[in-house]
Amino acid sequence: MASLKDMRNRIASVKATRKITKAMQMVAAAKLRRAQEAATAARPYAERMDQVLASVASKVPTREGQSPLLVGTGKDQVHLLIVMTAERGLCGGFNSNIAKLARADALKLMAAGKTVKILTVGRKGADNLRRDLGRQIVERIEFRGIKQVNAGHAEEVSSKVLAMFEKGEFDVATMYFAEFKSVIAQKPTALQLIPARIADASVSGKSGAVTTQGATAVYEYEPSEEEVLSFLLTQNISTQLLRGLLENAASEQGARMSAMDNATRNAADMINKLTIKYNRQRQAQITKELIEIISGAEAL
Amino acid sequence: MAGTFKFELVSPERILMSVDADQVRLPGSDGDFTVMAGHAPVIANLRPGTLDVKAEGTTRRVFIKSGFADVQAELLTVLAKDATDVSELTGARLTSEIEIAEAALKAATDDEARRMAYDAVEQLKALAGGKAA
C-alpha cells in the first residue's frame, strides 16, 4: 500500500500534468483559429482555379500529345503517395489516421502488383510508415519550426513532385491529408493530383460566384489554349498541395485541441479519485493511531 | 465611359484586392493590355510586371511575378502567385527582390523560364530606376 507521502506526490504530479494539457489545449485553440482563417482565405484562389481550369480543359480537345499532367502517362504502374502529417504528436489519432489510410492504399496497390513510392510531408507520417513501408519512402520533407505554412512551402513540395514526374519516376500521384470538417471531426482524405481530376465544367459554372455569362462564355486565350492550360496544370498542383497543407494544419490543431481537452478532463477525474482515496487513508491512519493510544491507556 | 467592373486580385493565401475598378492594365504574356468594363472574355497568362488599377479616382500599382487573368464582361479576376504593392517595393526590399530574380534567371534551364526570369529582373530594375530618378 502506498504511503500517504507517495499519494500526495502522485496527486501533485497529476495536477501538474493537468496544467500542461490545459495550456496545450488553449494554445491549440488559438492556433486553430489562425489556421482556420488561413484555410478559409485560401479557398477563393483554389475555387477560381478549379473553375478556370475546368472551362479551359473542356475547350481543349483531349488527344494524343496532350499534357501528361492532364491525361496521365497512359500507365498506372508506379504510384506516388504524398502523405501529409503533422510535425508533432499529442494530437489524438490525427497522424495515425492519415498514415492508416495511406498504408491501406499502399498495401492494396502493392498486392495488385503496382510499385508504390511514398513522399512524406511532416515528420510524424514518416515515423509512422517507416516500420512497414520504410523501403517505399523515397523522399521526406519536413517543415519543422514553421509556424504557418504558405504558398512558398506548397511550391517547394510541388516542384519536387513535378521534377520527379518529368523524370518519369511515377505515373499517378495521390495526396493524403485530413480534411477539416469541424473542430471535432477531421476526415483523412485521398485526392488524386496527377493526372488531374477536372471538375465538370457545367457544375463549376453553376457554383461560380459572379459568373455573369456562365461556363458557356466564349473565351479567347492568350497566348493559346495549350499554353494557358499547361501553365494552369502546373499551378494547379501547388494550389492543391497548399490546400492540403492548410486543411491539415487546421485539422491538426482541431485534433490536438480535443485530445488535450480529453486529457485535461481525465486528469481532473483522476485527481478527484486520488484525493478521496488519500483522505480515506489518512482518516484510517488517524483512527488506527487513536485505537493504539486508547488500548495502550486501557492496558495500564 | 462604360462604367465600372469588379476587379479581384487573389493570391494563393488570400484575396488581396477587391474593388470596383474603372480600368486595369495587365502585363499579358503577349504584351500589355487594358481591361475596361464590357471587355470580351479572355483568359490570359501574365508575365512579371505591374498591374495598374484605376479605381474610385486613385491608381494603384501592384507588382506580380506570375499569374493569369480571367476576364469577363463585368468581372476581372487576377490569380497571382506573388503580388506586392509597388509603394512597398523600396530600398532593401527591392534590392533583395532583384537578387532573387537574378538568381532565378541564372538557375533557369529552359527558354520559357529564362524569359520569365529576365522579364522579372528588367521590370524590377525599371522600378528601381524610376525610384532613383
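Biologist: Let's start in chain A: is A:Thr174 buried or exposed?
Modeller: First, this is a predicted model, where local features need pLDDT of at least 70, side-chain atom pairs count only at pLDDT 80 or more, and totals for chains, interfaces and linings use all residues. Residues are numbered from 1 along each chain as its sequence is written, chains are lettered from A and ligands numbered from 1 in the order in which they are written, and side-chain values use heavy atoms, leaving out hydrogens and water. Relative accessible area sets the class: under 20% is buried, over 50% exposed and anything in between partly exposed, with a 1.4 Å probe and protein chains only. A:Thr174 has a relative accessibility of 12%, so it is buried.

Biologist: Which residues is A:Thr174 in contact with, leaving aside neighbours within four places in sequence?
Modeller: A:Thr174 sits in strand β4 (residues 172-180) of chain A; helices (H or I, at least four residues) and strands (E, at least two) are DSSP runs numbered from the N terminus. A contact here means heavy atoms within 4.5 Å. With neighbours within four places set aside, the partners of A:Thr174 are A:Leu80, A:Leu81, A:Ile82, A:Ala190, A:Leu191, A:Gln192 and A:Leu193.

Biologist: How many residues apart in sequence are A:Ala250 and A:Ala38?
Modeller: A:Ala250 belongs to helix α7 (residues 225-299) of chain A and is buried, because its relative accessible area is 1%. Beyond four places in sequence, A:Ala250 is in contact with A:Leu32, A:Ala35, A:Gln36 and A:Phe180. From A:Ala250 to A:Ala38 the C-alpha distance is 8.6 Å, while their separation in sequence is 212 residues.

Biologist: What distance separates the C-alpha atoms of A:Leu109 and A:Ala35?
Modeller: A:Leu109 is in helix α3 of chain A and counts as buried, because its relative accessibility is 18%. A:Leu109 touches A:His79, A:Leu81, A:Lys114 and A:Val116, not counting residues up to four places away. A:Ala35 lies 74 residues from A:Leu109 along the chain, and their C-alpha atoms are separated by 33 Å.

Biologist: What radius of gyration does chain A have?
Modeller: Chain A has seven helices and six strands. Its radius of gyration, taken over C-alpha atoms, can be set against the globule rule of 2.2 Å times the number of residues to the power 0.38. For 300 residues the rule gives 19 Å, and chain A is more spread out than a compact globule because its radius is well over that, at 28 Å.

Biologist: What span does the C-alpha trace of chain A have along its principal axes?
Modeller: Buried residues make up 44% of the 300 residues in chain A. Of the contacts in chain A with a separation of 6 or more, 76% join residues 24 or more positions apart. Along its principal axes, the C-alpha trace spans about 110 × 45 × 30 Å.

Biologist: Which peptide bond is cis?
Modeller: Most residues other than glycine have a negative phi, and most peptide bonds are trans. A:Pro195 is in the loop between β5 (186-194) and α6 (201-207) of chain A. The cis bond, with omega near -5°, runs from A:Ile194 to A:Pro195.

Biologist: What phi does B:Glu56 have?
Modeller: B:Glu56 is in the loop between β6 (49-55) and β7 (58-64) of chain B. B:Glu56 counts as exposed because its relative accessible area is 63%. Although B:Glu56 is not a glycine, its phi is positive, at about 50°.

Biologist: Which side chain makes a polar contact with the side chain of B:Asp85?
Modeller: B:Asp85 lies in strand β10 (residues 83-85) of chain B and is buried, because its relative accessibility is 13%. A polar contact is a pair of N or O atoms within 3.5 Å; within protein, one must be able to donate a hydrogen and the other to accept it, and residues adjacent in sequence count only if both atoms are side-chain atoms. At 2.6 Å, the partner of the B:Asp85 side chain is that of B:Arg60.

Biologist: And what radius of gyration does chain B have?
Modeller: Chain B has two helices and 10 strands, and its C-alpha atoms fill a box of roughly 45 × 35 × 30 Å along the principal axes. Buried residues make up 47% of its 133 residues. A compact globule with 133 residues would have a radius near 14 Å, so chain B agrees with its 15 Å.
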